[in-house]
Structures are given as C-alpha cells and as structure tokens.
Amino acid sequence: MMDSIESAARQIRKDVLRMHQTGSNAGGAMSSADILAVLYFDTMNLESPDDPKRDRFVMSKGHCVSSLYSVLAQKGFIERDRLAEYCVDGKLLMGHPTRGGVPGIEASSGSLGHGLPMAVGMAWAAQKDKLGWRTFVLMGDGECQEGSVWEGAAVAARLALDNLIVIVDANNLQGYGRCEDILPINTLAAKFRSFGWSTMEVDGHDCAQISGALKAVPFEVSKPSAIIAKTVKGKGVREMEDSLGWHYFSVPKEKLQDFCDELE
Amino acid sequence: MRTAMLKQLSTCMRADESLHLIVADTGFHVFDDLQKEFSSRYMNIGISEACMIGVAAGLALNDKRVICYGIVPFVTMRCFEQIRNDLCSQNLPVTVIGVGEGLTYGAAGSSHHSLTDIAVMNALPGMTVVCPGDPVEVQHAVEAVLNLDGPSYLRIGKSGEPLVHRDGLQGFELGRGIRLRQGRDVAVISTGNMLPTAEEICEKLLAAGRDPELISMHTVKPIDRELLIDVAGRCRSIVTIEEHSVIGGLGAAVSRVVTDEGLAVKVQRFGIPDEFVQEAGSQMFLREKYGLTAEQIVERI
Ligand SMILES: [Mg+2]
C-alpha cells in the first residue's frame, strides 16, 4: 500500500516539475506532494467529485495547486493531457484553485487565510445534517500568519467540529525567507492546542506517519484536529530542497530530465 | 427598518429550512426571538467578520442559504476580500445585511459611518446591491434577495425611519425602481434612507409650481436602465440623493447610464463629499452640515 502512495507522490513531483517550466511555486508544491498522495490515495473517501458523501478537501495554500492538479489527473477526475494547460492562455487550469472549470476543486482559494473559514462552514454543514463526510484543509506555515486563520480556528473549536482536519505544510519558508525570522509563530501545534484543537506532529515526507496520523483523526472527540507536517520545500530534488529561490524559479528545460531522474 | 427586516426574516426562516443567520456579535437582544425559534440555524460567531463570510461560503457550498449580519463597515469593508473571493467569485447565495446605513451611527464617528460601502459592493461582479427606502421596502427586499441565486448586499438603517409606502407596496422587484409620482420637470431619485427627504423635496417643488417625478431606486446594482431612459425622455433634469459618498454610489450609477446611453438630461448629485467626518454629530446634524436636508436641496435644484 505505502508503495503505491509513494509512487503517486513521485508522480506528483514529476508532474509539478513539468508544469512549472513557467511560473512560480514549484518548491511549495513539492513539499506538499506526500501529504496530498496520502490524503487522496489512502485517507479520503472520494470516488467521484460529484458524490455528495465524498470527503472534502480545501487547498488553502492555493499557490501550490499544481500538485493538486496532478492528483486530480491521477484520480481520473481530469484528463492527464490537461496538465499541459497549467497557466496557459485561455485554458482553465489557473495558477490558483478556481471552482467551476476543474472537477475536484471544492473551493476557490489563493488569497491566504480564506481556506480554513470556508472549511469550517463545510464541516459545520456536515455536522448539522449528521453526514459522515469529513473536511480536510491544507495550509502553509507562512499562511498561518493571517489573522483569519485564527478566527477560523477559534470558531471550529467553539463548534466542536471533530470532522475538520487541518494539515499544515510546515516547510519553514515563505516568500522572503524563514517563517521564524519574518514573523515567528513557530509553535504552531501549541497555538492550535491553545485554540481548543488536538494536534499531532509528523514528518511530512514519511507517508506511513502521515497516514497513521490521518487514520487517527479525530484525535479527541468533539475537537478539530491539526497535523503539523514538517516538510522541506522542493523535497525530492537536491538543488531545489530548502531553497527560497524555488518559491519563484521555473524549472529550466535543460534540467527537467535530470530532476525527474533524481526522483526515481 | 431593522424591525421590518427581523419580521420578514423570521417568515423566511420558517418557510426555508436551509436558511441560516450568522451575526458578528451585533444587535443586543435584537435576535432573541429568532434565536429561540431557530436555535440550530442562528449563530453569533463572535467578532470575526472575515471568518463569518468564509463560514457562510462553506455552508452555501453545501446547499445552505446564509445571511450574515453586522454593522455596515464591519460586514462590508472589514471582510471585503472574503466577500469578493469567497462569495462573489464563487457566485454563492449569501446575503450580507449591513445595519446603520450612511450616517445612522452619526455620533459614533467615522469608523461607524457607512459612506463608501455602496461603492465597494458595486464594484464586485455578480453582487446585487439593495438599499430600501423605508420599512415596507425592507420587508419586500429581504424576501427578494433570499430568492437570488448569487450574492447580495442589503443596506438598511436602524430604527425610526418613517414610512413612505403608507398604503403598502405592490409588485416590488429587484432592479426596478419604484415611481411614486410621475412628473415632467425634474426627477428626484433617491436610494436608501433618503427617500422621505426626496418625498419632502417633491412636495416643496410641487408647492412651488413645479411638476417633479419621485423615484425610489432601492436597487443600485443592477441599476434600472430602462426606467432612467424613460425618465430622460420626459424630464429635463435628474437629481440623485443618497446618504453615501458622491463617489461610487447612486449618483455615479445614474451618471453611468446617462453617459452610456447618451441621454440628454442634466444630472445633479447630492451626497457626502469625499472626506471623513471630523466632528461628533447626530444623523440630522451631519445631514445639515453636508446640505442634505429637503430645504437645502430644493434651494440648489
Ligand atoms: Mg511555507
């Protein structure tokens, strides 16, 4: 089982490298790859993007949507050929998730700090109607500097949404440097706990650990769960790993094959 | 206006089990009855307007209809980007109700004034912007916005606004201004709580031998283009009146139609100038300061 999840993660990274021959955010998309692979190929109950009983996923760190497009292609929700439409004039695979044109995108996002409040509304809807589906949200660690994240965290705890799960892709890098240097809120697990959540910290590149944590939710009854996944930006390609530049760089044509080979 | 809103809201919540009301810790005791009757569909979400709009979007994405309520600046400008991205770009049926239009909270100071909210809500694609002229219009407007498929902004006063439609109102429709008097001289068009003043202006003009037309333009977006074309065919001039900045509100919307359609009519816009109020003042004191009483306007027409 872990083999197939790891191979899905490898496919995400290869697709991301190909998609990011233009445009920014390849590094962040690669740090999320293992988390997304576990969510979509192990954790979530998601056979079809139209199934009302499906688990919901909100890509709140919307700038890393290329990794999600790869997952949607691997799930068969979009055709694999469409990955070539990423950020192409007149096509629908935009640089941030936009609901409507791409099956499997649950909510439009991209402005940071919007995903969690929307996910709170989704989870609340399921709780009200006593429906069993769950809502998962992926956020960046830099994103957690947005105040609306903590408004959402407080409301989720107040509503006792134990069907809501946040995963923070904690790569300790953001637009201009280390999160802990720019605006230190590096005690994320403690912060979520103090807001009334239960938390777990995992290695965000160890699929077995991520899977174990996601199988254990809710960690406590009547509490939302937060998983702080320690990750490395650009994970999988040495030149890209933990490098701020890869928040911005595109993958040069002449390096694409070497980078992909390195993933094998 | 708030009482009319509450009354209609409970009727609508009784009829539609998907309808939810979220408030951002505003309206002391105002929602007691609603809360009692619809305890599972009412929530005071705390002082967190940005989150309120996001939560409403999440509910609406799962077939709930949601009303978000608060004081105008905090439910429009504080959470503007959530309204833009979460509600408008996803075209979700969420209604934002702002209480305290214009200078309702006059003495509270400019943080609580709502003089630019129509402008910013007008700028959002897909948004319907409604400013009812009296409590009767409020009642009809609440029902109407809750039947829309997309987002809407309903801007209301608070309490004590006089009745203008004293014999009730038939055929209220969003996007269709209400003609209260037909005339052939000057068309007095108001939005929101300036309707009673507009009515008073017409009475004074009439007494002075003029033949004014009176229109309540409760929907600022989409503006009633057809009605304005019709007005321009009969009247020499249009006067717009609003308790809102002269930038981006009713006067701007009317001027846009006049320009787009090449209408041969003079437009005179009355509103609040492009500035922050710098002194304490009741609504009436501030209206007078900015030349918005019936007497002051008639003198300048
Ligand atoms: Mg980061």
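Which residues of helix 5 of chain A are buried? The legend to View 1 lists these residues.

This is a predicted model, in which local features need pLDDT of at least 70, side-chain atom pairs count only at pLDDT 80 or more, and totals for chains, interfaces and linings use all residues. Residues are numbered from 1 along each chain as its sequence is written, chains are lettered from A and ligands numbered from 1 in the order in which they are written, and side-chain values use heavy atoms, with hydrogens and water left out.

**View 1. Helix 5 of chain A is mostly covered.** Helices (H or I, at least four residues) and strands (E, at least two) are DSSP runs, numbered from the N terminus. Buried means under 20% relative accessible area, exposed over 50%, and partly exposed in between (1.4 Å probe, protein chains only). Of the 14 residues in this helix, 12 are buried: Gly115(A), Leu116(A), Pro117(A), Met118(A), Ala119(A), Val120(A), Gly121(A), Met122(A), Ala123(A), Trp124(A), Ala125(A) and Ala126(A). From first C-alpha to last, residues 115-128 reach 20 Å, close to the 20 Å expected at 1.5 Å a residue; the expected span is 1.5 Å times one less than the number of residues. Just after the helix, Lys130(A) takes a positive phi of about 55°.

**View 2. Asp55(A) and Arg134(A) form a salt bridge.** A salt bridge is a side-chain nitrogen of Lys or Arg within 4 Å of a carboxyl oxygen of Asp or Glu; here the N to O distance is 3.1 Å. Asp55(A) lies in the loop between helix 3 (33-43) and strand 1 (56-59) of chain A, and Arg134(A) in the loop between helix 5 and strand 2 (135-140), so the pair ties together parts that are 79 residues apart in sequence. Asp55(A) is buried at 3% relative accessible area, whereas Arg134(A) is partly exposed at 23%.

**View 3. Glu37(B) and Arg14(B) join two helices of chain B by a salt bridge.** The N to O distance is 2.7 Å. Glu37(B) sits in helix 2 (residues 32-37) and Arg14(B) in helix 1 (residues 2-15), 23 residues apart. Glu37(B) is partly exposed, at 43% relative accessibility.

View 4. For Cys131(B), the nearest cysteine sulfur, that of Cys88(B), is 15 Å away. Cys131(B) is buried, with a relative accessible area of 0%.

How values were computed: A disulfide is a pair of cysteine sulfur atoms within 2.5 Å.
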